[in-house]
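Open the model in your viewer and keep the selection tool at hand. We will go from stop to stop, picking residues as we go.

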Amino acid sequence: MSTTFWINFWRLALLVAILATWQWGHDVNKWLVSGLDDAWQKALTIKVLEPFFISKPTLIWQRFLELGCLADPDGNWLIGNGGFFACLADRPNNLWYATAATLRNTFWGFLVGVGTGVVAGLVLGRSAFLAAIFEPFIVAFNSLPRIALVPLIVLIFGLGDVSKIMTAWVIVFFVVFFSTFEGARSVDRDHINVARLLGASDWQVTWTVVIPSTLAWVFAVLTPALSFSLIGVIIGEFIGAQVGLGKIIIEAEATLETADMMVALFVLMIVGVALALLIRRVQVYLLRWQSQFNERSI
């Protein structure tokens, strides 16, 4: 059998083992230590498997159906009888609206952060004079823990979407800026000299030489920048929000509903993976001229 088959086989086996341990590990552990005295039971009980802290896969799946308005607490399906839309209307922070709100703010925070970070990085990377002027200010702002600015951002922009987008922007901007800045300064001087020898203007050098060479540096940080944008939005929703996955998590923590918290965390994980794959596809397309992304060179 091929290597791919065995890789997928062991991945599936590992997933099944994790889910089985998660589902029944606590019960098995209690059964193993049930014959011991209280001191030994406390010493040998594996707290990390306690359902109070991590819930169980079956409970998480049940709460996913309920939060997503796919089933009621009794297990009856709501799709097909109008109950789905009635549930959506009754729950303004249902799983679908919450995910859409978090994704929307993540997208805008990511877009604004990447756009401004790339522009600022290219401008300062191409101008040593401007870089020398702005360097102390950039270093000073970058030294601030961005999370510490969240209360100030919420105070200025309120509890709406703008504060979530601004929080994501503050986190993403510096990540993208420094990578773009270093990429613009690392462009091969021979390529620039050849372009100038052929009569290219400063703008043409930037567009045809600097930007393509810097793209690899930019894309190297787009995946973590996307994660940071999502982190910024979730933190903003922790502080205060009317809808969002962060609101589900913080409310679940307040009511000790671990299953609800796990549902939101799994949705965030799936969203993060999907967005990372999308970024990867865009990277392969835009950098197809490089050998590692050119399928014909394989």
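Before the first selection, a word on naming: helices here are DSSP runs of H or I with at least four residues, numbered from the N terminus. Keep in mind, too, that this is a predicted model.

**Stop 1: the second largest pocket**

Start by selecting α11 (202-239). This helix provides six residues, the largest share of the lining of the second largest pocket. The space here comes to about 200 Å³. Colour the lining by class and you will find 11 nonpolar residues, three polar ones and no charged ones.

**Stop 2: the largest pocket**

Next, select α1 (3-33), α4 (57-67) and α13 (258-286), each of which gives at least two residues to the lining of the largest pocket. Which helix gives the most to this lining? It is α13, with five residues. Show side chains for Leu19, Trp22, Pro57, Ile60, Trp61 and Phe64, then for Val263, Phe266, Val267, Met269 and Ile270, and you have the lining in view. The pocket holds about 300 Å³ of space. By class, its lining has 11 nonpolar residues, with no polar and no charged ones.

**Stop 3: the nonpolar cores**

Stay with Val263 and Val267, which also belong to the largest nonpolar core. Together with Leu95, Leu245, Ile248 and Leu268, they touch the most other members of this 17-residue core. Two or more core residues come from each of α4, α6, α11, α12 (245-255) and α13. Of these, α13 gives the most, with six residues. A second, separate core has 12 residues, including Val218, Phe219, Val221 and Ala225. Zoom in on Val267 before moving on: setting aside residues up to four places away in sequence, Val267 touches Leu95, Thr99 and Leu245.

**Stop 4: a lysine in α12**

Finally, select Lys247, in helix α12. Is its side of the story buried or exposed? Lys247 counts as buried because its relative accessible area is 18%, and the cut-off for buried is under 20%. Show its surroundings to finish: apart from neighbours within four places in sequence, Lys247 is in contact with Asn93, Glu237, Ala241 and Gln242.

Notes. Residues numbered from 1 in each chain as written. Predicted model: local features only at pLDDT ≥ 70, side-chain atom pairs only at ≥ 80, totals over all residues. Heavy atoms only, no water. 1 Å grid on protein atoms, 1.4 Å probe; cavity = no way out; pocket = protein on both sides within 12 Å on 5 of 7 lines; lining within 4 Å. Points joined across faces, edges and corners; volume = space filled by probe spheres on them. Nonpolar A, V, L, I, M, F, W, Y, C, P; charged D, E, K, R; others polar. Core = buried A, V, L, I, M, F, W, Y, C linked by side-chain atoms within 4.5 Å. Buried < 20%, exposed > 50% of the residue type's maximum accessible area, 1.4 Å probe, protein only. Contact = heavy atoms within 4.5 Å.
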